[in-house]
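Here are some notes for a colleague opening this structure for the first time. Please keep the view open while reading the points below.

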Amino acid sequence: MKISWNWLREELKIDVDEVERVAERLTETGSEVEAVERPVPLLKGVVTARVKRIEPHPSNANLLVARLDTGMGEATCVTAAKNLKDDDVVPYAALGATIADGTVMGHREFDGVLSEGMMLSAEEIGLPDIADEFGILRLPKDEKLGRDVREVLGLDDYVLDISITPNRGDLLSVRGLAKEVSAILDIPMKELDASISQESLGNEVLKEFKGITLKDDGCSVYALGFADNVRIAPSPIRERVKLSLLGMRPINNVVDATNLVMLYLGQPLHAFDYDLLPDKEITVRCAYDGEKIVTLDGKERHLTPEDLLITSGGIPVALAGVMGGENTEINENTKRIALESANFDSIRVSKTYRRLGLPSEAAYRFARKVDPAKVSIALHKTFEYLSKWGAARPLGEILERLGDEKPRYVELTKKKLKKVLLLEDMDLASDILGRLGFVETSRDEDKRIFQVPSFRPDISIEEDLIEEVGRIWGYDKMESRLPAVTRKPGDITERMRTERQLRNVAMGRGYVEVITYSFVSPDMLRTLRIPDNSVLASYVALSNPLSRDQSIMRTSLAFGLVKAAVANIRNGWRKPIRMFEIGKVFHLEEGTELGVREHLRLGGIVCPGKDPRSVWEKQEDDFFSVKADIVALAEARGVSLEFVKGEYPFGHRGQTAHILCGDQTIGYLCRLKPKIAEELSLPEPVLLFEVDLEVLERSKARSFGKADKYPAVYRDISILIDKDTPVQKVKEDIKGLASQYVRSIRLFDVYEGKGVPEGKVSVAFTLEYRSEEVTLRDEEVDRAHMDLRKALQEKGYVLR
């Protein structure tokens, strides 16, 4: 936000040369002053002069010769501007003066006539926006001659560019910032004194006006003021300069008055051409779905029920808090105006202007909350300008409230003040808060209660008050102290420990970590063949996405990993790709607090790259090499996994497995369908995996233990099974029927062919028998092994 130092000084008793001190203190208290600049710094030596006589050039019909009275003598200027008349007062750059672009004035001959310096246009002064006509800038005729134009136009000023935090909407005005500086420096501030009171405004409301109706709680206060005898013209030049310096373009006296009041008080206003209102009434309501309005910029806007509208006769005439409608715009024929001053819901305004891409100074302020107490004051202040400029005759005011805001009270205790700031002086705290506008309503030695002013919606708890005291008092005044001694050294969480360990294992096996966006394009669901009934399609849509490509929350890490692999290949990467990511996925789930469940996952992608050639033997990753990587990751956390044949939306049939931990499915391993890989121009095979990290987090990492005291005894067993019977199921059956002494079961042979019936396969396992208490004898092991063979036969297995 830009602020005029001279305008600020009108509200405070402060020396002109204290600008740097004020800028430093504002920055220290949370409002960073990013720049302090002099307007048009190169302009100097330009004074006011009167055109005594203007006459045609003797030999060039396109030029005029002006004889000037500079207050210190006469001068002759040649000009091509056609807008000048005798007795006009103009800015004159005499010999040796410098104009805005740095050009130094001297003599110049125009077809035999010598020009001494030049008369300046608004652009040559450095403020092109203040021009109200083409040609030389004309100043008020009563201006004293020979005065420095910098002083005449208010350019002997500083402009402060201040970064206001989103919670301090009260600082987006001259009065608001003056209040802050008054509290910081403990200096008095001028009382707000609008010379046009309610009585002088009058009670004459246009008789045919039917009234105001508030149908939506997005508008808490709405006021309309009326004026007739409107004369549309440029606003006074000093006011145009003031607006231009603060980043706003002057338009006409009515619009400029509303903008000046907004800059002064922080309350946005809007003027309607009263005679262009579709009906002589105003209704504030939400928009209908698909309703349209053409805004002042000439563009048609399509609305939703979240948008707040100002309507007349059911027809939209303004987007509340954002921009007015083209159908009631002030123009050169306007004779009567209805001036709106209102308070709109910050969230509604923010959503509307962001969705429509329609930022404005009004929306910027409403989105940060505007003081509802300023509604009527701003209306009266605007009519004060219009009356003083002879732009309109103010009439009466109509005010409607949907509901008065209840006073807010916050408690401040000495105990909490001392704990946070090491400050026990409650009187000092009360003095600081009083300067900031907080009213003390109750006090005792250890506790005080303050009423929060309406312009500070960001204050709600005791810590907020303490922060206000601390920043004004000065954090540099707090005594240094060491933190309290903890009973034990700090430590990382189990989740962090798990992630670190898995990250180290993955990198040790040749993977590179990537971090992808949590929000993705809905097109990825179609690309990866995700059906509508899949859990992967139960995504969360963002209400305010940056773009369509980032409009939904990911339901699988595969989305980002596939996109990252495609991007690397397209950018010229030729070597094999082995990437992993640790991150969250998001699924819609009823019964949760927000209707969304987050899951922490570990995912990876492997593909051979564009150039897998090697001087060594070909070592290309396949389904089983990636399976080994997953097993290694799990074993690092002491978890045993099982892989069973399964299906996945984007998995190659026959090369897809579900990953089990006990009875729980915790992930998948698959080869990407060749058709998908071809569409994405990814070299085959592309292998993807994803596991639930929360399961690995709950397990205990493996640690060293004691060596076994007693030797193991090994026995083999060979079984004939159907080809489509999972080996894992056979292992589970052996484990369930085996003796308590069986410590491990290892598959060591799979055979089909001669001697094995068609459709069958022979699988052989080695069983490890071991006791932790005694050495097992062969007779015990043989007996236990025979019992196992018998039990397997009874279960239907054919033993060989």
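1. Start at Thr70. Setting aside neighbours within four places in sequence, Thr70 is in contact with Thr48, Ala49, Ala75, Tyr92, Leu145 and Gly146. Bear in mind that this is a predicted model.

2. Where does Thr70 sit in the chain? Thr70 is found in the loop between strand 4 (64-69) and strand 5 (74-79). One of its contacts, Ala75, can be looked up along with the others.

3. Is Thr70 buried or exposed? The relative accessible area of Thr70 is 9%. Buried means under 20%, so Thr70 counts as buried.

4. Now step back to the whole chain. The protein chain holds 22 helices and 37 strands. Its C-alpha trace spans about 130 × 80 × 60 Å along the principal axes. The radius of gyration is 40 Å, while a compact globule of 800 residues would have one near 28 Å.

5. Next, burial and contacts. Of the 800 residues, 50% count as buried. Take the contacts between residues at least 6 apart in sequence: 69% of them join residues at least 24 apart.

6. The surface and the charges come next. The protein chain exposes about 40,900 Å². Carbon and sulfur atoms supply 49% of that area. There are 115 positive and 132 negative side chains. The centres of these two sets lie 5 Å apart.

7. Strand 14 (residues 282-286) and strand 17 (residues 308-312) run antiparallel and are joined by four bridges.

8. The order is 35-36-34-37, and the pairing is antiparallel. Strand 35 (742-751) and strand 37 (798-799) stand at the edges. Here too, each edge strand has a single partner, so one side of each lacks a neighbour in the sheet.

9. Follow strand 37 to its partner. Two bridges join strand 37 to strand 34 (residues 713-722), and the two run antiparallel. Which residue stands opposite Leu799 of strand 37? Ile719 does.

10. Hairpins deserve a look as well. Strand 23 (residues 439-443) pairs with strand 24 (residues 447-452) in the antiparallel sense, over four bridges. The hairpin between them passes through three residues. Across the pair, Glu440 stands opposite Phe450 in strand 24.

11. A further hairpin joins strand 30 to strand 31, through five residues. Strand 30 covers residues 642-645 and strand 31 covers residues 651-661. They run antiparallel and are joined by four bridges. Val644 stands opposite His658 in strand 31.

12. To recap, return to the starting residue. Thr70 lies in a loop between strand 4 and strand 5, and Thr70 is buried. Among its contacts are Tyr92 and Leu145.

Terms used
Residues are numbered from 1 along each chain as its sequence is written. This is a predicted model: local features need pLDDT of at least 70, side-chain atom pairs count only at pLDDT 80 or more; totals for chains, interfaces and linings use all residues. Side-chain values use heavy atoms; hydrogens and water are left out. The radius of gyration is taken over C-alpha atoms; the globule rule is 2.2 Å times the number of residues to the power 0.38. Buried means under 20% relative accessible area, exposed over 50%, partly exposed in between (1.4 Å probe, protein chains only). Contact means heavy atoms within 4.5 Å. Accessible areas come from the Shrake-Rupley method with a 1.4 Å probe; for residues, only the protein chains shown count as cover. Lys and Arg count as positive and Asp and Glu as negative; His and the chain ends are not counted. The place of a charge is taken as NZ of Lys, CZ of Arg, CG of Asp or CD of Glu. Two strands pair if DSSP finds at least two bridges between them.
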